[in-house]
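Try each task before you read its solution.

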Amino acid sequence: MSYDRYNYQPNFKPVDHLFDDRLRQFTNGGGEFSDLNLPKFYDAERKGIPNLKSWRVPDVDGKTARPLFRDIDFSTIDWENIGPGYNFGPSWKSFWVKLEVEIPESWLTHEIIELDWDSSSEALIYDQNGLPLQAFTGGERNLFRIPHKYRTADSQTFYIEVACNGMFGNGADGHPDPNRYFRLNHADLVLPNMEARRLYWDFWILGDAAREFPGGHWEKYQSADICTKIMDVFDPNDLESVTKGRKLAQKLLGDKVDSEAVFDEFNNDKLKRIDVYGIGNCHIDTAWEWPFAETKRKIVRSWTTQLKIAEEYPEYVFVASQMQQFKWLKLYHPEIYTKVKEKYTTNQFLPIGGSWVENDTNLPNGESLIRQFLLGQRFQFNEFGFYSNIFWLPDTFGYSSQIPQICQIVGISRFLTQKLSWNNINQFPLSTFNWKGLDGSQVLVHMPPANTYTAGAHFGDVIRSQQQHKNLRDIPTGLLLFGHGDGGGGPTEEMLEKLRRCRGLANQTGSLIPTVHVGKTVDDFYDEVLEKSNNGLDLPTWVGEMYLEYHRGTYTTQARIKRYMRFGEIRLHDLELVATLASVSSGKYKYPSKKIHDLWEDLCLCQFHDVVPGSCIGMVYYDEVYPMLEELLHKADKLIEDALEVLSGGEAKTETLDNLTFFNSLPWKRSNELLEISQAEQPKLYQLLNNESSNITVKSASEDDTKLVSVSTSNDGVVKLNSLDDIKYPASVKKTSSGQYILSNDLIKATISSTGIITSLYDIVNEREIIAPESTKQTGDGVVGGNQYIVFDDEPLNYSAWDTELYSLNKFKLLSEGEVSILSDNKLKSSILVKNKISDQSYIETEISIQGLLSNTEEVDFNFVKFKSFVRWHEKYKFLKVQFPTTIYSASQANYETQFGVTQRPTHWNTTWEIAKFEVAHHKFMDLSEFGYGVSVLNNSKYGGAIHGNLIRLSLLRSAKSPDDQADMGDHTFEYALYPHKGYLGVDTVKLGWNFNYRIEKHLFNSSTFTALSKAITLEGSSNLILSHIKRGENDYDVNQYDCYKTTSKQKSIVLRIYESLGGASAGVLKLDSKVLNIDKVYKTNALEEEGEEVKLNDKSELALKLKAFDIVTYKIVLKE
Ligand SMILES: [Zn+2]
């Protein structure tokens, strides 16, 4: 090489920003220069498909029908001729289009032939035999590469099922637009020029590198330079120039980007380090801006497409969660389900997650969370032969402190989520870490650093997968979850092509872009984390709840589903208890296993992370969820009655009050429980009571005669009427001359102002005032006290069903003009009615009552003020809460019941981490205690609340307008209670929480059989141990629903769930009555009921138990045949 002596023609140095801006012209299909640039060559040929025929599926009962291909008789259809420009609609309707396709003979030798369909909507193409082939999504995915099988010059038929919705339904600003139409933009056959397409992908990544690499790195400028050269060499009249461009691109991308071979190369062969694991997924919300009915079609659309991509890209690994979705696919599209199983065997389509749906973890109770996995893992094992080791939950609205333990007891030690990156106050500090739950159990967590589970597999996503990793010093590896999602869809071919090029760039240029890899599994990723972190020992640990600082309104929105969820959980608890007892005691009774299984599937389905939180469009609730859960309650009631009928032994019934008992489904004694017996609903019982003095006649609101009785568990274990004479502390109410009302039972005394505010609640026994009298910023200047209703302005920054914002706490109106009247004045229950106007459209009426108590001290401990509210609610962006200022002034932590335990949260606002928790989730109670004394607030269907300073607030109703502008409009009833107690938070609150929710059933039945049965399994010892659930063993021959667990044994078993409720190691004794239960063996099991060690009973059939703080344990009692 020689250096010229003379420089006759000087060069200029390119001006970076001008040259970089120019790059966009090269691939801009819609720009004014597109004919002069690469888009000119994308298609070699294109022709419209003529003679399209369409059929709109008629509604059934006024509702959209979505029939399966197999159920349509296409020969009888009256087709309509359509063409481009046709509008499918209106919203939600379903169409089928018939296409006669003739591929020109000359095309057949080409590498790829495509069908290009854009109906602006979701759609699915089927072959003439009804096999789904691939989905289309207007704008996002229009191209269908015609598989070889269908590449023939003969005319052939395809069908396209058109759904009149987009990926995200039909809009949800208030409610979906009912009149949306979807234009057919084109239906073409295309012969693509694949080299031009490939140059487009090459150029995309190199262009991103030029723009996004940081200054000061040669890679940035070399990328820009290559792009410029590609543009300069391009000639719109010479296809060969495309090949020249691709050659230039190879300088930085290498020569392997057209195949999976690119992933076999490494920039540093010695390290062979993978920085980013690319995993395909399509998050399909099981319902959200579309109903379940559409989700069933989204599944087949999304997964068929992914199976096809897996065919075309051998390196591709796709994961799918939610066994409910697998079950639907199996039911409606068994032929696709078979293909899923095939691709599972080649590691390309991997079921993941372990749960029935990707569930909410704030609201479902502990047993529900276990059932999510019991249903999910068992279904998956039956279908695929393995249990998931990863709880896959990218998108849910907060993470209960019990998740690590619940995961561990269902065979899961790994956890994936992403949603915490949405925190709107504090940034969560970790990406890969150990998460330690309430009992000390841990799971290995990864949160994909790109902060999304729907990455477009862009250059920037790969970069962020490393750049935003919070603890690169520990494990410098992250997951990249790519693919269209929320509405399903999943990755596109283009995403795979881009990842190949990102990897090519890393292979050629070094470490400025992370080494992204496609072809490894999620398990491979977690294995590597463990391998490099000394099995997790070297990783940082996050302890306790992972609170999402966002979507705090979801504990309250759509009050009806919260109520149905609580009631449903209770019914299934009661049903499994009575059905279990009936099935092991009576040969006549057949355990309704399939029915119970199906009810659990429905309940768990409704725990999906948009359904129970209240963030779906109205259609989901009004058309699907509410009818489903009402049916569930109804069916469960009927099954409970059937089982009780059997338990009552069918003995001759001379029904007197003496030989009848009420049904208590809780494993401890109950006292002073009040029951209202109405003439209309329980005429027989009402008649019997007519001649008795054990009751008091009251009038219900409907003027239907109602009798009030008090019941308690008697010494022989059954629930009996109490005599009025046994009431030692009678309730009373009186109005004072100054217009106040005094409710009392001589143990506690409530003073209520003339406007309905509790100005004093005095614990006479402990000589303690509970209500704080001081006026504060929150209580205002008027009458200060408890049961103060407070209406907040609730105008969040976005997502009104999801969010309520901090600033709302400063803008509120107190309801302080209540009208008060005495409602009942008798020794069993005395009460007043407080009516408050909320607005011209809304009001709240609350019965405040105190009840009369028996003399026994342990019974006297359950002494509370009860509130029963009716609300007519027609508000807009208001949030109704009720507050109690207490005399617990200096507790720095408050207690909130969570699944199988208690979560503590600060009562102060010291740092932004505490400020963020201005509204939190809880279950049956919240509690504020100091040394020696405390106050609990119980509820029967509420989940939101907060305790700050000495102020307890229970959240009651919201009025969000999007995505359902009717959410919570109408009438509501709910109950709550204020329970002052001696001592710190204790067993009484826990058990009262249960009692307050699990009401004594008004079923009357003969007691003798049930007496023995109800005492056959008892738990004694530390009273903080709760026997929370009794059910039949899932694998029993008469219970099991799955082939893989089939057994020849005719043995029956009983499964018991026991937990420690308050956070201290405890001992107990499980007593089994061998006269009633013919016991063979007892095993300790995990929550999937897999037998662990056999445990030996002593000669009295007793088992000594030791539980650590917040332990959840499961025992299985196997009975002799
Ligand atoms: Zn989601």
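Predicted model: local features only at pLDDT ≥ 70, side-chain atom pairs only at ≥ 80, totals over all residues.

**Exercise 1.** Work out why the arrangement of the four donor atoms around the zinc ion is irregular.

*Solution.* Start with the donors (N, O and S atoms within 2.8 Å of the metal, or 3.2 Å for Na, K and Ca; water is not among the atoms, so sites may look incomplete). The protein supplies H283 (NE2), D285 (OD), D395 (OD) and H609 (NE2), at 2.0 to 2.2 Å from the zinc ion. Next, take the angles: they run from 86 to 163°, which makes the arrangement irregular.

Residues are numbered from 1 along each chain as its sequence is written, and side-chain values use heavy atoms, with hydrogens and water left out.

**Exercise 2.** Find how the donor residues of the zinc ion are spaced in sequence.

*Solution.* Reading along the chain gives H-x1-D-x109-D-x213-H. Now place the two aspartates: D285 sits in the loop between strand 13 (276-281) and helix 5 (292-312), and D395 in the loop between strand 16 (390-392) and helix 9 (403-408), so the pair ties together parts 110 residues apart in sequence. Helices (H or I, at least four residues) and strands (E, at least two) are DSSP runs, numbered from the N terminus.

**Exercise 3.** Decide whether D285 and D395 are buried or exposed.

*Solution.* Apply the cut-offs: buried is under 20% relative accessible area, exposed over 50%, partly exposed in between (1.4 Å probe, protein chains only). Both D285 and D395 come out buried.

Methods
Tetrahedral: all angles 85-135°; square planar, octahedral: opposite > 155°, others 65-115°.
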